Amino acid sequence: MRALVFDSFGGPLTVQDVPVPDPAPGGVVVRVGASGVCRSDWHAWQGHDPDVVLPHVPGHELAGTVAAVGADVRRWRVGDRVTVPFVNACGRCAQCAAGEHQVCSRQTQPGFTHWGSMAEYVALDAADVNLVALPDELDATTAAGLGCRFATAFRAVAQVARVRPGEWVAVHGCGGVGLSAVQVAVAAGARVVAVDVSPAALQLAAAIGAEHTVDGGRDVPAVVAELTGGGAHVSLDALGAAVTCENSVRSLRPRGRHVQVGLLPPAQGRPAVPMDLVVARELQVLGSHGMAAHTYPELLGLIAAGRLRPQALVTRRLPLDEAGAALAAVGRDPGIAVVTRF
Ligand SMILES: [Zn+2]
Ligand SMILES: [Zn+2]
């Protein structure tokens with residue numbers, strides 16, 4: 001099969017012929033219909049993720065069709081249209097037993113712990129726990145973004161921050177996950193302030209409902225405080241950088257909730273979180289990591305009802321041969337790029 005491969009961290013990203021994977025007894029192999037290009041893939045390529053072993057195939061935001069099924073799989077058949085969260089849970093640990101599959105102790109992640117979906121086929125573990133059936137009306141390209149960025153944003157806004165109508169939500173970083181968060185927060189009835197250094201990203205944020213946009217080069221906490229009459233109720237670092245993390249915490253009003261959504265690989269250094277404000281303002285600092293497969297029906301229902309429109313965030317469709325260049329340039333162009341031809 002054709003796959004996007006890198007043999008060294010930060011090295012060339014080339015399309016190579018590699019063997020088609022076999023399914024594990026509890027797993028499946030999916031013929032990839034679409035695979036999103038995400039900042040996490042860039043981190044894997046840069047060597048920021050200790051799970052990645054060379055040579056490696058990135059890709060973790062996928063949708064496709066089941067092509068082979070392991071002997072122990074009960075719920076899935078060849079030909080089923082599916083997607084998966086990027087955290088593939090084991091289904092058996094204490095976290096999984098509590099329904100918190102997104103923080104499974106024995107999780108696998110396609111594109112990190114094993115070869116991913118920037119390929120014609122990808123192997124997925126524990127299929128009965130992790131696969132999500134796609135409704136007929138949801139195309140693979142739209143669905144590809146659900147497993148990482150859109151679901152991550154949905155969980156952060158709706159399940160972790162529990163955003164309520166009328167609250168002010170500041171979103172720091174308007175890449176794929178940030179724009180998704182803007183859309184989910186607007187749908188929840190919140191008023192959104194979007195922050196980014198890219199005018200094009202801010203334009204897109206405004207187009208999907210952000211009430212205010214703020215240039216990330218300004219004194220962001222001061223501007224957010226002014227726009228929101230004292231600070232946001234909820235603030236998200238949707239990029240994962242020292243400056244956006246700190247700005248997010250500083251953008252909150254007393255008793256506000258910061259949600260860390262963007263990954264902060266220790267290899268890039270740990271951010272200085274203003275814990276003095278956490279105490280003085282009784283702020284809550286929350287983490288959000290993907291979303292369990294069993295909570296997808298709520299998200300899929302809102303998409304089916306037209307309340308959420310993840311397809312509005314897909315700005316580019318690429319062949320696999322252009323995936324390497326797109327991955328290397330993550331963050332340069334606004335919106336979500338999806339590999340749709342393999
Ligand atoms: Zn588990
Ligand atoms: Zn992702």
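In this report, contact means heavy atoms within 4.5 Å. Helices (H or I, at least four residues) and strands (E, at least two) are DSSP runs, numbered from the N terminus. This is a predicted model, where local features need pLDDT of at least 70, side-chain atom pairs count only at pLDDT 80 or more, and totals for chains, interfaces and linings use all residues. Residues are numbered from 1 along each chain as its sequence is written, chains are lettered from A and ligands numbered from 1 in the order in which they are written, and side-chain values use heavy atoms, with hydrogens and water left out.

**A helix under cover**

Let's start with α1, which spans residues 39-46. How many of the residues of α1 are buried? The count is 6 of the 8, so α1 is largely enclosed by the rest of the structure. Here buried means under 20% relative accessible area, exposed means over 50%, and partly exposed is in between (1.4 Å probe, protein chains only). The buried residues are S40, D41, W42, H43, A44 and W45. Their cover includes β1 (2-6), β2 (13-17), β3 and α12 (323-328). After α1 comes G47, with a positive phi near 85°.

Now for the metals. Donors are N, O and S atoms within 2.8 Å of the metal (3.2 Å for Na, K and Ca); water is not among the atoms, so sites may look incomplete.

| Ion | Donors | Distance | Spacing in sequence |
|---|---|---|---|
| zinc ion (ligand 1) | C90 (SG), C93 (SG), C96 (SG), C104 (SG) | 2.3 to 2.4 Å | C-x2-C-x2-C-x7-C |
| zinc ion (ligand 2) | C38 (SG), H60 (NE2), E61 (OE), C148 (SG) | 2.0 to 2.3 Å | C-x21-H-E-x86-C |

What about the geometry? Four donors count as tetrahedral if all angles lie between 85 and 135 degrees; four count as square planar and six as octahedral if opposite donors are over 155 degrees apart and all others between 65 and 115; anything else is irregular. The 4 donor atoms around the zinc ion (ligand 1) subtend angles of 102 to 118°, so their arrangement is tetrahedral. For the zinc ion (ligand 2), the angles of 90 to 125° make the arrangement of its 4 donor atoms tetrahedral too.

Two packed helices are described by the angle between their axes and the distance between the axes. Axes are lines fitted to C-alpha atoms, for helices over the stretch in contact, and angles run from 0 to 180 degrees between N-to-C directions. Angles under 35 degrees count as roughly parallel, over 145 as roughly antiparallel, 65 to 115 as roughly perpendicular and the rest as oblique.

Helix α5 (residues 146-160) packs against helix α6 (residues 176-187) at about 50°, with the axes 8 Å apart. The pair is therefore oblique. Among the α5 residues that meet α6 are R149, T152 and V157, and on the α6 side the list includes G176, S180 and V184.

Helix α11 (residues 296-304) also meets α5: their axes come within 11 Å and cross at roughly 100°. That makes α5 and α11 roughly perpendicular. In this contact, α5 residues including L146, G147 and A151 face α11 residues including Y296, L299 and I303.

Most residues other than glycine have a negative phi, and most peptide bonds are trans. A cis peptide bond, though, joins L54 and P55, with omega about -10°. P55 sits in the loop between α1 and β4 (62-69).

R162 has a positive phi near 50° and is found in the loop between α5 and β8 (168-172). R162 is exposed because its relative accessible area is 57%. Phi of E282 is positive as well, near 50°, and E282 lies in the loop between α10 (275-280) and β13 (284-287). E282 is partly exposed, with a relative accessible area of 45%.
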